[in-house]
Amino acid sequence: MSGDSDCTRTSPSAGSPSDNEFLPDRPKYVCSLSPDLITKAREELQEKPEWRLRDVQALRDMVCKDYPSLGTCLDDAFLLRFLRARKFDYDRALQLLVNYHTCRRSWPEVFNNLKPSAIKPVLESGFVTVLPRLDPEGRHVVCIRPDRWTPSNYPITENIRAIYLTLEKLIQSEETQVNGIVILADYKGVSLSKASHFGPFVAKKVIGILQDGFPIRIKAVNIINEPRIFKGIFAIIKPFLKEKIANRFFLHGCDLNSLHQNIPPVILPEEYGGTSGKLDISAWNELLLASEEDFLHDFSQLVLPCDNSPHDMLVSGDADEKQCDDSLRGMKPQLYYCY
């Protein structure tokens with residue numbers, strides 16, 4: 001089904017019975033939030049249950065009017081992710097949806113062949129996983145360990161693909177849409193040679209996706225065991241960070257007590273001074289790999305048009321790549337100095 005035909009049949013805002021017969025069959029949205037989370041969504045996200053489907057339809061109408069060739073899924077549950085991520089601001093939710101598709105088109109090395117089985121080596125390495133227990137705010141903790149990556153085995157884009165699929169799986173949960181996530185990044189053992197793979201071009205792409213191209217709320221980024229080289233890495237990242245996100249970075253060094261102020265030991269593995277046993281990556285790997293068919297179905301609804309791409313591009317192609325390459329050459333001396 002193309003984006004044009006889908007929009008053609010879904011543009012009525014509140015159709016008569018005769019209008020509704022032209023609507024495609026879509027899963028009927030059923031809210032799975034607890035009463036407490038419904039209250040939290042109302043207070044923090046401006047989500048009013050009595051207006052929820054009206055808001056979704058308003059966003060759907062805007063997509064069909066302004067971006068009829070976007071080729072997006074228009075299901076209630078899918079569009080609701082973008083409204084929640086932008087506190088039900090229609091214009092910002094629409095821009096986020098456009099950016100979501102723009103990011104996917106602009107980086108084929110990551111987004112082609114986007115399925116869990118394609119990143120099995122990354123999962124088995126333990127580069128990225130999700131802790132089994134939620135934090136006190138009901139948020140999943142995504143654990144990233146760059147030292148588990150061997151650059152000679154596969155390019156950095158495979159790691160980014162694994163992180164992206166992890167986020168796609170997490171955001172399927174309405175609880176995550178409301179509560180957001182926490183990131184725990186362990187930079188133990190990250191060398192200069194490994195850090196050099198994460199230059200300004202890659203940094204800009206990744207930050208662009210996480211800040212402006214994906215419907216997830218990142219509530220905190222906890223960095224632990226960062227070596228001196230991380231000062232250089234952060235110098236690359238920081239220019240692309242919005243102030244609100246930059247303020248959510250916490251650098252703990254080797255101080256586990258500092259980490260425990262943000263993430264309680266009861267949900268952390270022993271490796272980080274926690275009491276929940278050894279870090280086990282198998283449960284998350286099995287869950288993600290078992291979702292292969294779900295991903296194939298969901299992504300099949302995202303039709304990438306051959307032309308008429310959205311003009312509000314988040315990444316502007318070759319010019320930005322050249323600019324970032326020039327920036328990388330300027331950053332290398334700083335990386336060596338920090339190392």
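**Entry 1: contacts and overall make-up**

I started with contacts, meaning heavy atoms within 4.5 Å. Of the contacts in the protein with a separation of 6 or more, 78% are between residues 24 or more positions apart. I noted that this is a predicted model, in which local features need pLDDT of at least 70, side-chain atom pairs count only at pLDDT 80 or more, and totals for chains, interfaces and linings use all residues. Residues are numbered from 1 along each chain as its sequence is written, and side-chain values use heavy atoms, with hydrogens and water left out.

Next I looked up the secondary structure and found 18 helices and five strands. Buried residues make up 52% of the 339 residues.

**Entry 2: helix α9 and its partners**

I picked helix α9, residues 156-170, and looked at how it packs. For this I needed axes, which are lines fitted to C-alpha atoms, for helices over the stretch in contact; angles run from 0 to 180 degrees between N-to-C directions. Under 35 degrees counts as roughly parallel, over 145 as roughly antiparallel, 65 to 115 as roughly perpendicular, and the rest as oblique.

How are α9 and α12 packed? Their angle is about 5° and their axes are 12 Å apart, which means that α9 is roughly parallel to α12. From α9, Ile156, Ile160, Tyr164 and Leu167 meet Val202, Val206, Ile209 and Leu210 of α12. I then sorted residues by class: Ala, Val, Leu, Ile, Met, Phe, Trp, Tyr, Cys and Pro count as nonpolar, Asp, Glu, Lys and Arg as charged, and the others, Gly among them, as polar. The contact of α9 with α12 has eight nonpolar residues, with no polar and no charged ones.

Then I turned to α16 (residues 282-289), which packs with α9 at an angle of about 80°, with axes 11 Å apart. That makes the two helices roughly perpendicular. Leu165, Thr166, Lys169 and Leu170 of α9 make this contact with Trp284, Leu287 and Leu288 of α16. By class I get five nonpolar, one polar and one charged.

**Entry 3: empty space inside**

Rolling a probe the size of a water molecule over the atoms shows where empty space is left.

Which helix supplies the largest share of the lining? That is α9, with six residues. Elements that supply at least two residues each include β3 (181-186), α11 (192-195) and α12 (200-212). The lining of the largest cavity has 28 nonpolar, two polar and one charged residues.

**Entry 4: single residues**

Is Val202 buried or exposed? Val202 sits in helix α12 and is buried, at 12% relative accessibility. Leaving aside neighbours within four places in sequence, I found Val202 in contact with Trp107, Ile156, Ile160 and His197.

Gly208 is also found in α12 and is buried too, at 11%. Its C-alpha atom is 9.7 Å from that of Tyr100, 108 residues apart along the chain.

Lys115 is in the loop between α7 (108-111) and α8 (120-125), and counts as partly exposed at 26% relative accessibility. Beyond its neighbours within four places in sequence, Lys115 is in contact with Leu165, Glu292 and Leu296.

Last, I checked backbone angles. Most residues other than glycine have a negative phi. Gln46, in the loop between α3 (35-45) and α4 (52-66), has a positive phi near 60°. Asn225, in the loop between β4 (218-224) and α13 (229-237), has a positive phi of about 60°.

Notes: Helix = DSSP H or I, 4+ residues; strand = E, 2+ residues; numbered from the N terminus. Buried < 20%, exposed > 50% of the residue type's maximum accessible area, 1.4 Å probe, protein only.
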